[in-house]
Each structure stands twice: as structure tokens, then as C-alpha cells.
Amino acid sequence: MENEKIVIRRAVACDLPAIMRIYDAARQFMRSQDNATQWSGGYPSAQLIESDILSGVCHVGCLDSVPHFVFALIGGEDPTYTAIEAGEWLNDDAYHTLHRLASDGFVSGVLDRCIEFCSSVSGNLRADTHACNAVMLAGLERNGFSRCGIIHVADGTPRIAFQRSVTPLRSAQCQK
């Protein structure tokens, strides 16, 4: 399905049942890949996804108008990223964060398509994932993200933090 016409758009309220099915499929896939702890306890909840939709940060990737993947792209400072251990961010410039990427497995190249879309919005992207999420770890690195350190999510569990910045580097001040 390499030539399929995927349309990425903002999610709307009527997408919620399809989105929750995508998250169910993604949780099952993670469990099959020895990632038993990420997204446990029903995370992300329908209430969180409804909030993402209302905030305009939830996006779906559709084939023939049917959502097959979902993600949140959130601009501004992420409080979870304030403290980073065992490393540092590439820069402190304004950024967008990729959260809650999930696929139902029907469409190939989801992360690559998602990163392409996100990069059209921001040249400075951050993301994090669980140490057991081998698919996401490899995909972020394949797409030019650098491992920056460890952050802790709201429940206190660690995540590997990544950043990809294609913003121009600040030039050093010239001395006269």
C-alpha cells in the first residue's frame, strides 16, 4: 500500500469511535511486542481524546475517509519536558510535541507520514516513548530524531525523550 492516498486532517467529534478502536488495536500490538506496561489502564481515555479534539490538536490519517492512525501534535511548552535527566534537549527554541501516535495496522509507514506532516507545522519537534516500544524507538531514530535523555510522565514512569530540530542554528555574535 505504498502509493495509497492518505489524508491527514484534524479529528472531529464523530471520529471518536474510530479513534478509540485504533487505540485498542495499538494496545494489542504493543502487548504482542513485549511492551506490556505502556498505555495500560485504558490510556488514552476517551475523555482525553475528546479534549484533544476540542483543542484542535488531535489528527487522524485517513484512507478513503476512514481513519487508520491518530496522533496529537501540541504546540508550546510541555510541562512533562521541563526536567530531563541523563542528557539535554538539542535547543530551547519553541517546539511542538508529538503524543499518542497509534495505528490500526492497516496502513504502512505511519510514523514516517506523521513526521512529514508534523514537520510541515514545526521544524522543532519533540517526542517520547517507553523503553520497550521498539517500533517507535527505531522509527524516531530513522526519521532523524536524537535521543536527548529521560523524562518522567505524570504517573512518574520514565520515557526516552527525543528531539528533531531543523530550525536554523543561532549564529555566534561577531566580535569586532
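**Exercise 1.** Determine whether Asp-34 is buried or exposed, and state where it is found.

*Solution.* Step 1: take the classes, where buried means under 20% relative accessible area, exposed over 50%, and partly exposed in between (1.4 Å probe, protein chains only). Step 2: Asp-34 has 67% relative accessibility, so it counts as exposed. Step 3: Asp-34 is found in the loop between α1 and α2. Step 4: the phi of Asp-34 is near 65°, a positive value in a residue other than glycine.

This is a predicted model in which local features need pLDDT of at least 70, side-chain atom pairs count only at pLDDT 80 or more, and totals for chains, interfaces and linings use all residues. Residues are numbered from 1 along each chain as its sequence is written, and side-chain values use heavy atoms, with hydrogens and water left out.

**Exercise 2.** Classify Arg-100 as buried or exposed and give its phi.

*Solution.* Step 1: Arg-100 lies in strand β4. Step 2: its phi is near 55°, a positive value in a residue other than glycine. Step 3: the relative accessibility of Arg-100 is 13%, so this residue counts as buried. For background, most residues other than glycine have a negative phi, and most peptide bonds are trans.

**Exercise 3.** Describe the peptide bond from Tyr-43 to Pro-44 and locate Pro-44.

*Solution.* Step 1: omega is near -10°, and the bond from Tyr-43 to Pro-44 is cis. Step 2: Pro-44 is found in the loop between α1 (16-32) and α2 (46-55).

**Exercise 4.** List the order of the secondary structure elements of the protein.

*Solution.* Step 1: helices (H or I, at least four residues) and strands (E, at least two) are DSSP runs, numbered from the N terminus. Step 2: the protein has four helices and seven strands. Step 3: from the N terminus on, the order is β-α-α-β-β-β-α-β-α-β-β.

**Exercise 5.** Identify the residues with the most contacts inside the largest nonpolar core, and the element that gives its largest share.

*Solution.* Step 1: a nonpolar core is a set of buried Ala, Val, Leu, Ile, Met, Phe, Trp, Tyr and Cys residues joined through side-chain atoms within 4.5 Å. Step 2: the largest one has 21 residues, and those with the most contacts inside it are Phe-71, Leu-98, Leu-101, Cys-118 and Phe-145. Step 3: α3 gives the largest share of this core, five residues. Step 4: with contact meaning heavy atoms within 4.5 Å, Cys-118 is in contact with Phe-71, Leu-73, Leu-98 and Leu-125, leaving aside its neighbours within four places in sequence.
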